[in-house]
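Subject: Structure for you, with notes on cores and cavity

Hello,

Here is the structure I promised. Please open it alongside these notes.

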Amino acid sequence: QGELAAHVLGAVGKPLEQTEGQSDSSLVGRSGLELQLDNRLAGSPGERLVAPAREEVLQSPQSGEEVRLTLDVRLQRLAEQLLEESLRRRELRDPGGPPAGGAAVVLEARSGAILAIASAPRFSPAEMASGAAGPIARWQHDPRKPLYHRAVQMALPPGSVFKLVTAAALLEEGSLPPDDSYVCRGYLHSPDELRCALFRSTGEPHGPTDLHAALVQSCNTYFFDRVQRLEGGLLPAWADRLGFGRTTGSGLPGESSGEIPSALEPPGLAVRRQMGIGQGPVTATPLQVAALVATIANGGRRGRPHLLAEETEGATAGRPVLRHETARKLQEAMRDVVADPRGTAHHPAAAGLLAGKTGTAETGGRGAPHAWFAGFAPCEEPEIAIAVVIEHGGDGGSAAAPLARILAERWREISAARLAHRP
């Protein structure tokens with residue numbers, strides 16, 4: 001399949017140190033699953049005694065195992081194409097901007113099976129295996145870092161996608177009044193700081209806002225205010241419970257844990273306010289974000305992302321980490337992010353198909369914001385969870401959400417074809 005899933009499959013190459021039984025032509029796993037599963041995939045060489053008078057096979061060669069993955073080739077190929085097209089558009093739009101890449105993850109919501117896990121730009125495993133110095137040096141010095149597996153190694157501020165975690169904490173802790181309502185002026189205390197994106201761009205506030213509307217319209221000041229209702233360590237504790245600040249358990253090589261403040265050393269209010277909207281001391285990987293959405297789509301039960309098909313057979317719906325009622329309220333808001341004309345990813349044709357949350361993560365002035373979208377599809381009885389991020393891509397609703405929508409549409413076609421072929 002050429003460069004398809006290059007970061008996942010990884011590459012083989014000559015061993016850095018030759019061991020007993022290896023010939024000059026031996027190849028070993030050097031990255032990705034080729035490295036992680038090398039002892040299963042490689043098999044073992046045979047041994048033959050050649051003497052003047054006779055020839056004898058002392059040990060027959062053993063083939064390696066066949067390892068089956070959960071990846072859907074059609075979704076994987078589409079995700080990679082969409083990322084590369086998006087990056088080309090970004091470079092044309094902002095040729096002087098910082099080097100950037102992107103990632104997309106699609107999980108089966110119930111089992112955690114990874115259906116697609118794409119990273120761009122890519123490299124060629126075949127050229128890597130050849131050992132040619134030119135391509136390897138070019139990849140190593142490319143400022144876009146094509147060898148970097150962004151889907152699991154890249155930890156970025158998640159921006160407003162993280163409001164799903166803050167909302168979950170508020171709901172689970174009973175920190176919202178029964179008649180929850182907050183009047184957004186566009187800023188918390190001063191027009192010069194702690195503002196909503198809507199106010200920054202248009203000068204208009206959101207006005208009367210409850211939790212549902214705050215998620216749909218991504219109102220920062222609502223969360224700046226409401227996070228004060230959570231004791232210092234509660235938001236970090238809920239972030240940890242929902243899989244942030246640690247690896248997902250996927251077993252993928254090089255997976256980053258991202259960062260969240262420690263619940264044991266509660267951050268101050270200023271830090272909590274920034275954390276509440278996914279900024280400040282919070283970073284997350286695309287795989288962590290996809291796992292969060294799968295948890296919400298799955299009614300509050302958290303599974304474990306995985307790539308080996310053998311792990312899907314025994315997979316369950318996961319352990320409950322959110323009350324079903326909390327997950328339901330988050331699902332409803334995520335549906336309206338796409339279906340409601342005021343939603344930050346509104347698209348009439350996608351209503352009923354895709355639900356989600358946008359994120360536009362500030363970079364401290366170092367280039368355009370990172371564009372995020374995290375969602376599930378279909379809206380009723382969700383089957384997949386999706387996370388897309390474009391580094392320095394700008395607005396999450398316009399840069400990342402369209403990719404998720406196309407992936408959801410493709411999944412709908414795949415799912416329909418599966419049903420049509422069932423006996």
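Predicted model: local features only at pLDDT ≥ 70, side-chain atom pairs only at ≥ 80, totals over all residues.

Residues are numbered from 1 along each chain as its sequence is written, and side-chain values use heavy atoms, with hydrogens and water left out.

Nonpolar cores

The largest nonpolar core has 79 residues. (A core is a set of buried Ala, Val, Leu, Ile, Met, Phe, Trp, Tyr and Cys residues joined through side-chain atoms within 4.5 Å; buried means under 20% relative accessible area with a 1.4 Å probe, protein chains only.) Leu-107, Ile-117 and Phe-244 touch the most other members. Helix H14 (residues 286-297, a DSSP run of at least four) gives the largest share, nine residues. Another core, of 34 residues, lies apart from it; Leu-115, Ile-384, Leu-403 and Trp-411 are among them.

Cavity

There is one cavity of 30 Å³ or more. (On a 1 Å grid over the protein atoms alone, a cavity is a set of points where a 1.4 Å probe fits but cannot get out; lining residues have an atom within 4 Å of a point. Points join across faces, edges and corners, and the volume is the space filled by probe spheres set on them.) The largest cavity holds about 50 Å³. Its lining includes Leu-107, Glu-108, Arg-301 and Arg-302. H14 supplies the largest share of that lining, three residues.

Regards

Definitions and conventions
Buried < 20%, exposed > 50% of the residue type's maximum accessible area, 1.4 Å probe, protein only. Helix = DSSP H or I, 4+ residues; strand = E, 2+ residues; numbered from the N terminus. 1 Å grid on protein atoms, 1.4 Å probe; cavity = no way out; pocket = protein on both sides within 12 Å on 5 of 7 lines; lining within 4 Å.
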